[in-house]
Amino acid sequence: MHPEIVLPCLDEAEALPYVLKRMPDDWPVIVVDNGSTDDTAAVARGHGARVVVEPRRGYGAAVHAGLEAATGELVAFLDGDGSLDADVLPGMAETVASGRADIAVGRRVPDTVGVWPWHARAANAVIAGMLRTRGVPVHDIAPIRVARRQALLDLRIEDRAFGYPLELLLRAGRAGWRFDEIPVAYSRRAGGRSKVSGSVKGTVRAGRDMIRLLR
């Protein structure tokens with residue numbers, strides 16, 4: 001059975017057709033509709049994805065709803081905006097399935113100038129650096145990741161906002177997980193509007209949630 005892919009989505013109807021066509025063949029996809037006001041759910045169903053509705057707004061709420069809804073042994077997570085290269089997922093999944101690592105994560109590599117705004121990139125570098133001082137060997141905050149479903153549930157992640165991926169990394173580090181970090185192409189979103197890194201306000205909001213976890 002192939003790993004399941006969880007795509008947390010808020011108003012991603014424009015991007016989803018492109019995103020879903022680029023998923024690995026025959027991998028089941030769960031689109032978590034996080035309170036969209038557009039046709040995100042309908043577009044997802046029309047392209048063969050299973051839709052889970054999570055009305056509580058928040059990246060963590062959407063991701064965790066997808067994790068709980070998944071039934072496969074391995075689960076992959078990435079944004080539903082088409083900015084991350086899904087071609088890396090099979091290799092990441094194989095690394096975890098073979099036992100070489102407990103979690104495979106991506107490190108964003110912008111493919112064009114301006115894709116990753118300076119404020120978002122700077123905030124990410126600071127937080128990743130703080131993670132490394134805590135023994136978590138990463139250079140990005142796991143924007144794309146693959147791990148075993150039950151192991152993720154066992155981490156008992158509590159954050160339901162932007163701090164979710166950071167709390168995941170912190171708890172995984174404390175649990176002694178083995179990490180495998182690989183570069184992943186980072187492109188302009190396929191459509192719609194960025195809710196976080198595209199604005200200084202969004203970056204500050206996400207950074208606030210994350211810094212709180214590092215105190």
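**Exercise 1. Work out the strand order of the open sheet, and find which strands stand at the edges.**

Step 1. The open sheet has seven strands in the order 3-2-1-4-6-5-7, and its pairing is mixed. Strands are DSSP runs of E with at least two residues, helices are runs of H or I with at least four, and both are numbered from the N terminus. Two strands pair if DSSP finds at least two bridges between them.

Step 2. Strand 3 (50-53) and strand 7 (179-186) each have a single partner strand, so one side of each lacks a neighbour in the sheet.

Step 3. Now look at one pair: strand 2 (residues 29-33) and strand 3 run parallel, joined by four bridges. Asp 33 has Val 53 as its bridge partner in strand 3.

A word on the model: it is predicted, with local features needing pLDDT of at least 70 and side-chain atom pairs pLDDT 80 or more, while totals for chains, interfaces and linings use all residues. Residues are numbered from 1 along each chain as its sequence is written, and side-chain values use heavy atoms, leaving out hydrogens and water.

**Exercise 2. Decide whether Asp 81 is buried or exposed, then list its partners.**

Step 1. Find Asp 81 in the loop between strand 4 (74-77) and helix 4 (89-97).

Step 2. Its relative accessibility is 10%. Buried means under 20% relative accessible area, exposed over 50%, and partly exposed in between (1.4 Å probe, protein chains only). Asp 81 therefore counts as buried.

Step 3. Beyond neighbours within four places in sequence, Asp 81 is in contact (heavy atoms within 4.5 Å) with Glu 12, Ala 15, Val 19, Arg 189, Ala 190 and Gly 191.
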